[in-house]
Amino acid sequence: MKLHFEPLHPDFGAVATGLDLRQPLTPEQVRAVDDGMNTHGLLLCRGPVLSPDQQMAFTRSFGPLDLGFRRVKNAPGSAQPHRFEYDELADISNLDSSGQVAARNSRKIVSNIANQMWHADSSFQRPRAKYSMLHAVTLPSSGGATEFADERNAYDRLDKATQARLAPLVAEHFALHSRLALGDTDYTEAQMAAIPPARWPLVQTHSGSGRKHLYIGAHTRAIDGMVVAEARMLLWDLLEHTTHPDRVYSHAWQIGDLLIWDNRCMLHRGRAYDLGERRELRRSTTLDAESEHRFLPEEALQTA
Ligand code: OGA
Ligand code: MN
């Protein structure tokens, strides 16, 4: 069956049909998904709930897997045993390691709430993340949507003078920045050091589409050569511009949904829900291998 795309939102995103996520993909199917991702930035696939094995096998067709924030959780001093057999399968839930709703004052709940800030997964590391694949297993009775905004469209909507002003800027992304902002400050030195900050140009060219885009979000804490207050205000202004409600797609989940988004050019956030009700999603993520050597600060500055 041929892959088919229908728009999700007027500006970006598509529903993809014609793919059985439980079956191995042919190289043509992988290419068709990549093409769809490069155009739409966000794909929705609907179907039955996948086993962790099936989700991991599907994700692996698109490249090496990202460990992301689990590197902090695996650092000495963390008391968060993982619920899954795969370290690379992120437990995006409000459940503790025994599968019960986690205590309100636990770090698991802080992690879950941190996802409610606009962000790009693993922007805090080099190489960074490319595709996130988030799969719905258990849903609360209301709330808990996931929202998306396209940083390519956001760049296009900036005036020329602002585009020129942003072009030479390099931002620093730090894994714990969003947690610290939420008052979760009690990290060990080993946890603080588990993921050193990464620096990325504020404006980049998306290699899949050739379009320019912003690269911002909750992990961004500073801009090279700029006073912190000025940098943070600029970053907040850009975030507000990017996530204007008219330009956001809000996904109301159904069990079995798999959403795939391109972290290189899309921002996302979870929305609030009753933390006493179970909400369970599983995320597998690929690495943006080329980002290991692309966008080094020297290169960013030279092209400015
Ligand atoms: C994620 C994430 C938001 C949500 O899985 O990376 O940010 O709605 N999820 O759970
Ligand atoms: Mn996320």
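Helices of at least four residues and strands of at least two are DSSP runs, numbered from the N terminus. The model shown is predicted.

**View 1. A loop between α4 and β5 holds Ser122 and Pro127.** Helix α4 covers 107-114 and strand β5 covers 129-138. Serine 122 belongs to the loop that lies between them. Its phi is near 55 degrees. That is a positive value, and the residue is not a glycine. Proline 127 is placed in the loop between α4 and β5 as well. The peptide bond from arginine 126 to proline 127 is cis. Omega there is about -5 degrees.

**View 2. Twelve residues are listed around ligand 1.** Among them are Ile92, Asn115, His119, Asp121, Leu134 and Ala145. Thr146, Trp261, His268, Gly270, Arg279 and Arg283 also surround the ligand. Sorted by class, this shell has 4 nonpolar residues, 5 polar ones and 3 charged ones.

**View 3. Side chains of Thr146, Arg283 and Asn115 meet oxygen atoms of ligand 1.** From threonine 146, a polar side-chain atom lies 2.6 Å from a ligand oxygen. From arginine 283, the separation between a polar side-chain atom and an oxygen of ligand 1 is 2.7 Å. For asparagine 115, a side-chain N or O atom is 3.5 Å from an oxygen of the ligand. Ligand 1 exposes 290 Å² when taken alone, and the protein buries 99% of that area.

**View 4. Ligand 1 takes up the space of the largest cavity.** The count comes to 1 cavity of 30 Å³ or more. About 140 Å³ of space lies inside the largest cavity.

**View 5. The lining of the largest cavity has 15 residues.** Which of them lie nearest its centre? They are Ile92, Asn115, Leu134, Gly270 and Arg279.

How values were computed
Residues numbered from 1 in each chain as written. Chains lettered and ligands numbered in written order. Predicted model: local features only at pLDDT ≥ 70, side-chain atom pairs only at ≥ 80, totals over all residues. Heavy atoms only, no water. Near = heavy atom within 4 Å. Polar contact = N/O pair within 3.5 Å; in protein donor to acceptor, adjacent residues only side chain to side chain. Areas by Shrake-Rupley, 256 points an atom, 1.4 Å probe, with all protein chains shown as cover. 1 Å grid on protein atoms, 1.4 Å probe; cavity = no way out; pocket = protein on both sides within 12 Å on 5 of 7 lines; lining within 4 Å. Sits in = over half its atoms within 2 Å of the grid points. Nonpolar A, V, L, I, M, F, W, Y, C, P; charged D, E, K, R; others polar. Points joined across faces, edges and corners; volume = space filled by probe spheres on them.
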